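Visitor: I have a structure open here and would like to go through it with you. Could we take the overall features before the details?

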Amino acid sequence: MSVLVFIDQAEGHIKKSSFEAASYGAKTAELSGTFAEAIVIGQMKDDLSELGKYGIKKVHAISNEALNNFDSKVYTTLIQQLVESTNANTVIFSNNTSGKSIAPRLSIRMKAGLVSGAVALPDITSGFIIKKSVFSGKAFANIKIHTEKKIITLNPNAFNIIKGNGVAEIVEFTTTLPAYSIEVTETNKIVGDVPLSEADIVISGGRGLKGPENWGLVTDLAKLLGAATACSRPVADIHWRPHHEHVGQTGLAIAPNLYIAIGISGAIQHLAGVNRSKTIVVINKDPEAPFFKAADYGIVGDAFEVVPKIIESIKKMKSLS
Amino acid sequence: MLPIIEDWWLFFNYNFTIMKILVCISKTPDTTAKIAFADNNTKFASDGVQWIINPYDEWYSLVRAIELKEADPTISIHLINVGGPESEPIIRKALALGGDEAIRINCDSNDSFNVASQIANVAKQGNYDLIFTGKETIDFNGSSIGGMLAELLDLPFVSHVTKFNIETNMAVIIREIDGGEETNKAAMPLVISCQKGMAEQRIPNMKGIMGARTKPLKVLDPVDVVSLTSIVSFDLPPAKAGVKLVSPENPEELVRLLHEEAKAI
């Protein structure tokens, strides 16, 4: 009857969103008077007993280099085997590219209702109801799962990491390797950059920056704050910035702690991708830019004058602290 | 005589296997639609809402299928939609863009297991080489149909695909992963979910629109499926308190607010 959390990894390191999933899984277990375990697939470099700090009691590791390549079918088979052997009742994923690939498959195998994009703990006062983000962040839906087994994917940055002192027990889960249905022939990581979907702070630029040669403003500020960089749709469409930086309704939906939009007017489609951000700052010289209505802080002014001053001011603040 | 004719047809099929692509299309509110709820917050308020083909289904998955057909005209594109009669205008638009024929399963459900089961039931009989979905719909953001379909049909599944090509009968795929991308190779049949990068948005031309009127659109009754989830209610996020404007002469004040008040830096 336990809760099982899928721990997603990249090159042997646990992803930040998986610490959120672990904390969420531990709290979900607590609500139903049970405990949380985790499954990690692939050869790891991180110390898995650390997951105990996030409330995980036991980690089931399948340490095999061959499993570092992702295949939703293989991963589903392995997780299903562990679910059967531990009799887990609820499985938690991060709502990222891995979670979105595995959770639907596993839902069919386990005959478990799936809620993807959860933003809060389940409400178990009458049944099992989970709040999830819908309409690209413009609303929430409360979804009831009718089945005894349940699967939840948790939106990144929607649930705070809870860190304590536990130490997780690590056990090796031995099983036969399922056959791969796809072959991963190449992986390209954008090295050194913070992945946009997991970033705490995102600095984003729009057409107001007038050209790709001016992106230094965005990247300098991002570097200073350890932030990821993003852009609006027109900027990606005219190839000033790569497509994977496009945030908005048809790009990536993000929910960082801080989103700073420079020279972006804030069309409704752009807002749909960023409106779950905790704090939104808008810098735009047009006081009528719709983005100001959705912002927490704003500066009506010329980005080319304002942003360098902000950079100087942050540098000063950092040198004082 | 009859057995001979049958044998001849087997030979014909063997030599001229036609690739079939099934493109799943969903109806969603327009991207600028006002999001509000009715019936005590249990239903989306659809009055006056303009319906469109889910952008991921249309711009990326359908248009890429059409591009593949343009490169190899023997390819046949079937469209499938799970929805009521109000889905027909968006199905006709997809036919106008370049689908060959369409199936609508007359069923209105918000449960992804139900929707995936309806599509899988048809797909099983269709011998499709490729099944395309969007990476998610812009209304329920479930990202579930592709993976569920793959599992119901026991097929490989690649999600978040940004590039798709066929090279010597193998699918060569680039997909997005957190902070990067990877290249996958897979045999067909195969299910993929598509996103930005796959293709560019198109507008149907007059010839397409005229032609779409007479293309086949078959309506099927749904199979019995017990839904695994249901929507209890909707909420709107709390309204923002309003923007705090800082003078452009004094951006230091913004840094102070972000540090001390918002505790964001």
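Predicted model: local features only at pLDDT ≥ 70, side-chain atom pairs only at ≥ 80, totals over all residues.

Visitor: How many helices and strands does chain B have?

Guide: Chain B has seven helices and 15 strands. The C-alpha trace of chain B spans about 90 × 45 × 40 Å along its principal axes.

Visitor: What share of the residues in chain B is buried?

Guide: Of the 265 residues in chain B, 51% are buried. As for contacts in chain B with a separation of 6 or more, 69% of them join residues 24 or more positions apart.

Visitor: And the charges: how many positive and negative side chains are there in chain B?

Guide: Chain B carries 24 positive and 35 negative side chains. The centres of the two sets lie 4 Å apart.

Visitor: Let us turn to Ser159(B). Where does it lie?

Guide: Ser159(B) is in strand S9 of chain B, which covers residues 157–167.

Visitor: Is Ser159(B) buried or exposed?

Guide: Ser159(B) is buried, because its relative accessibility is 1% and the cut-off for buried is under 20%.

Visitor: Which side chains make polar contacts with the side chain of Ser159(B)?

Guide: One is the side chain of Ser101(A), at 2.7 Å. Another is the side chain of Arg175(B), at 3.0 Å.

Visitor: What does Ser159(B) touch, not counting residues up to four places away in sequence?

Guide: Ser159(B) touches Thr97(A) and Ser101(A) in chain A, and Arg175(B) and Ser193(B) in chain B.

Visitor: Now a helix. Which residues of H7 in chain B are buried?

Guide: Helix H7 of chain B runs over residues 251–261, and its buried residues are Pro251(B), Leu254(B), Val255(B), Leu257(B) and Leu258(B). Seen down the axis of H7(B), these residues fall within an arc of 160°, so they line one face of the helix.

Visitor: Why would residues three or four places apart point the same way?

Guide: An α-helix has 3.6 residues a turn, so residues at that spacing point the same way.

Visitor: What covers the buried residues of H7(B)?

Guide: The cover includes parts of both chains. From chain A there are strand S15 (258–262), strand S16 (279–284), strand S17 (297–300) and helix H8 (303–320). From chain B there is strand S15 (244–246).

Visitor: What follows H7(B)?

Guide: H7(B) is followed by Lys263(B), whose phi is positive, near 50°.

Visitor: And H3 of chain B: which residues are buried there?

Guide: In helix H3 of chain B (residues 88–97), the buried residues are Ile90(B), Ile91(B), Ala94(B), Leu95(B), Ala96(B) and Leu97(B). H3(B) is followed by Gly98(B), which has a positive phi near 150°.

Visitor: On to backbone geometry. Which peptide bond is cis?

Guide: The bond from Met188(B) to Pro189(B) is cis, with omega near 5°. Pro189(B) sits in the loop between strand S11 (180–187) and strand S12 (190–194) of chain B.

Visitor: What is phi for Asn127(B), and where does that residue lie?

Guide: Asn127(B) has a positive phi of about 50° although it is not a glycine. Asn127(B) lies in the loop between helix H4 (112–126) and strand S8 (130–134) of chain B. At 64% relative accessibility, Asn127(B) counts as exposed.

Visitor: What about Asn157(A): what is its phi?

Guide: Asn157(A) has a positive phi near 60°, and this residue is not a glycine. Asn157(A) counts as buried, at 13% relative accessibility.

Visitor: Last topic: Ile254(A). Where is it, and is it buried or exposed?

Guide: Ile254(A) is in the loop between helix H5 (233–237) and S15 of chain A. Ile254(A) is buried, with a relative accessible area of 3%.

Visitor: Which residues is Ile254(A) in contact with, leaving aside its neighbours within four places in sequence?

Guide: Among them are Leu196(A), Val202(A), Val247(A), Tyr259(A) and Arg276(A). Arg276(A) is 22 residues from Ile254(A) along the chain, and their C-alpha atoms are separated by 7.1 Å.

Methods: Residues numbered from 1 in each chain as written. Chains lettered and ligands numbered in written order. Heavy atoms only, no water. Helix = DSSP H or I, 4+ residues; strand = E, 2+ residues; numbered from the N terminus. Buried < 20%, exposed > 50% of the residue type's maximum accessible area, 1.4 Å probe, protein only. Contact = heavy atoms within 4.5 Å. Lys, Arg positive; Asp, Glu negative; His and termini not counted. Charge placed at Lys NZ, Arg CZ, Asp CG, Glu CD. Polar contact = N/O pair within 3.5 Å; in protein donor to acceptor, adjacent residues only side chain to side chain. Arc of directions from axis to C-beta.
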